[in-house]
Amino acid sequence: MMAEASRRQSWSASSYDAHARFVSDLADGVLDWLAAQARERILDLGCGDGVLTAELAALGAKVVGVDSSEDFVEACQARGLDVRLMDGEALTFENEFDAVFSNAALHWMTRPERVISRVRQALRPEGRFVAEFGGHGNVAAIMTALEATAVRHGVDSSLAHPSFFPTVEIYQAMLEEQGFEVKRIALIPRPTLLKTGMAAWLKLFRKPFFDQFGASADQVLRETEDLLRFALCDAHGNWTADYVRLRVEAKKS
Ligand code: BEZ
């Protein structure tokens with residue numbers, strides 16, 4: 001089933017490659033928890049530009065990727081991956097995967113109960129769900145600066161933080177309520193150097209927020225960057241994003 005148009009994500013695979021390659025580069029921890037085996041059937045939920053999907057396929061797993069961004073799906077298909085345009089809240093798979101894997105995607109899906117329910121449906125009995133995404137406190141300084149910018153300019157602040165960053169307790173309870181056994185779960189602070197700077201991060205990850213300023217978008221972006229300088233920029237001009245990840249492994253029971 002195609003994603004509902006209103007919930008589609010719009011990403012540029014080339015901008016993502018230039019400014020957010022660290023997202024897949026930092027996935028070793030969650031890949032270790034997944035411990036993919038050759039011939040396993042794995043669903044890569046929110047596969048983005050498919051770098052990790054390809055890594056799993058190279059291990060011999062039979063991987064299907066899904067993403068709700070057309071640009072990402074096209075980029076994946078161009079490299080020969082089995083990737084489909086699908087919303088994580090409307091997965092159509094049933095009892096067919098040994099594992100559902102997800103890196104840096106679940107925080108974009110703001111109806112997590114639906115996602116968990118569809119993930120459960122996609123897994124075979126005893127199948128595992130291994131994921132990493134933004135947890136409680138993720139990009140807190142950045143969200144606060146965006147909120148302050150919205151207040152200063154009297155605009156819609158909801159575009160600043162359309163994200164789901166749960167605590168361990170909240171996410172564990174959601175999983176257990178839907179019949180998962182949580183094997184391990186942790187909140188992991190991960191300050192991350194932004195090699196191409198904060199303005200590039202803001203432009204890529206919070207584009208709808210800045211778009212609402214029209215011709216003043218660049219000036220407002222600089223104001224937001226100034227608010228963040230004290231917390232996230234060092235004396236040499238290096239920017240760090242205040243990432244916190246929630247990593248989980250749960251079994252369909
Ligand atoms: C994240 O990967 O944690 C993230 C990305 C964009 C906005 C917020 C969080």
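Phe97 is buried, with a relative accessibility of 0%. Buried means under 20% relative accessible area, exposed means over 50%, and partly exposed lies in between (1.4 Å probe, protein chains only). Phe93 is buried too, at 4%.

This is a predicted model, in which local features need pLDDT of at least 70 and side-chain atom pairs count only at pLDDT 80 or more, while totals for chains, interfaces and linings use all residues. Residues are numbered from 1 along each chain as its sequence is written, and side-chain values use heavy atoms, without hydrogens and water.

**Aromatic pairs**

The structure holds 10 aromatic pairs. Rings of Phe, Tyr and Trp (its six-membered ring) pair if their centres lie within 6.5 Å; planes under 30 degrees apart are stacked, over 60 edge-to-face, and the rest tilted. Two of the pairs are set out here.

| Pair | Centre distance | Plane angle | Class |
|---|---|---|---|
| Phe93 and Phe97 | 5.2 Å | 80 degrees | edge-to-face |
| Phe129 and Phe180 | 6.0 Å | 45 degrees | tilted |

Phe129 lies in strand 5 (residues 123–134) and Phe180 in strand 6 (residues 180–194), so their pair ties together parts that are 51 residues apart in sequence. Strands (E, at least two residues) are DSSP runs, numbered from the N terminus. Both Phe129 and Phe180 are buried.

One aromatic cluster is made up of Trp108, Trp201, Phe205 and Tyr243.

**Charges over a ring**

Which residue lies over the face of Trp33, at 4.3 Å from the ring centre? Arg184 does. The charged end of Arg247 also sits over the Trp33 ring, 5.4 Å from its centre. A charge counts as over a ring if NZ of Lys or CZ of Arg is within 6 Å of the ring centre and within 35 degrees of the ring normal.

Definitions and conventions
Helices (H or I, at least four residues) and strands (E, at least two) are DSSP runs, numbered from the N terminus.
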